[in-house]
Amino acid sequence: MKRCVTILSHSLFALIVLAATAWAATALWLHLSGALRLGAEAALACGALCALAARFARSRRSGWAVLAIGAMVVGGWYQTITPRDDRSWALDVSRGVKAQVAGDIVTLRDLRDFDWSSATQATPRWITGRYDLRRIETVDMFTSVWDNPDIAHLLVSFGFADGEHVVFSVEIRREAGEEFNEIGGFFRQFELVLIGATENDIVKLRSNYRKEKVRMFPILLTPEQRRAMFLSYVALAQKLEARPAFYNTLTANCTTVVYQLATVLKPDLPLDWRLVLSGYLPDYLAGLGVLGGNGPLQDRKAAAEITARALRADPAIPFSRAIRQP
């Protein structure tokens, strides 16, 4: 029995060393380059071997001590990786929306209103808008699927009495020429940015130029809830302007950040796996009773598809009105 316990203990220790080494190796590979990367990876491998050797050749305490020292060294280095707002950003995420509140009036600066000519080319235009919180009439959720139907990007649009719409989108802040990857999103490779934009920019880009599968769902909220939700985005804009933050594939992405904002409306909002597999977010909202539309959920999903509608929209009609026509 004692022999089995010893074998199990050694096996558990080896698994911990293996997992910690794999995590650290990935972080080093993503954040270092050249000779520095190779040297760090070699040092990491030596440290892992030393921990195993100390455990099996000397004592349990020696193995844990070496492992703890290695964890402190890697952890100390990892904490030096801090979010920044002064990199050479890709143009479409070069400015996060900025907000000022004066009573019922919110002024949004650096709203994106690009005129896209392809999926990657646009005439840039950044605008400033003033919005009366008392005149918010609608909230719509856009989901945009580009590949895996289980994963969708989430955008939230607020409609005002004058027909204007403002869309908020939590996105990764790519550097110029940089491509997103899910693994890097776990290891502080990307900053977080809140984009404020017009529907003619950010929705049309996804439906007409990227040819993504875009759906628009009305969200059933009271005037007080619509106001609170809008102000939660305002607070996020102000927070990110004051202090940049990292994107995280699991805990700080387009869906989980919106969930955190939505707890303003309902502090006991339940956590759910569909917050990660965001393609199922409409099902989650339907269960909460806030997803608009008529009929069974599948009928509401079908009615929500707007890509074909957007592609055949009359250019003479404002885009926001065109995608809402039956």
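I started with helix H5 (residues 223-242) and helix H6 (residues 254-262), whose axes come within 9 Å and cross at roughly 120°. That makes H5 oblique to H6, since angles under 35 degrees count as roughly parallel, over 145 as roughly antiparallel, 65 to 115 as roughly perpendicular and the rest as oblique. For the contact (heavy atoms within 4.5 Å), I noted Met 229, Ser 232, Tyr 233 and Leu 236 on H5, facing Val 257, Val 258, Leu 261 and Ala 262 on H6. I sorted these residues into seven nonpolar, one polar and no charged.

A caution for my own use: this is a predicted model, where local features need pLDDT of at least 70 and side-chain atom pairs pLDDT 80 or more, while totals for chains, interfaces and linings use all residues. Residues are numbered from 1 along each chain as its sequence is written, and side-chain values use heavy atoms, without hydrogens and water.

Next I checked the lining of the largest pocket, to which strand S8 (165-173), helix H4 (199-209) and H6 each supply at least two residues. That lining divides into 20 nonpolar, nine polar and twelve charged residues.

How values were computed: Axes fitted to C-alpha atoms, helices over the stretch in contact; angles between N-to-C directions. Helix = DSSP H or I, 4+ residues; strand = E, 2+ residues; numbered from the N terminus. Nonpolar A, V, L, I, M, F, W, Y, C, P; charged D, E, K, R; others polar.
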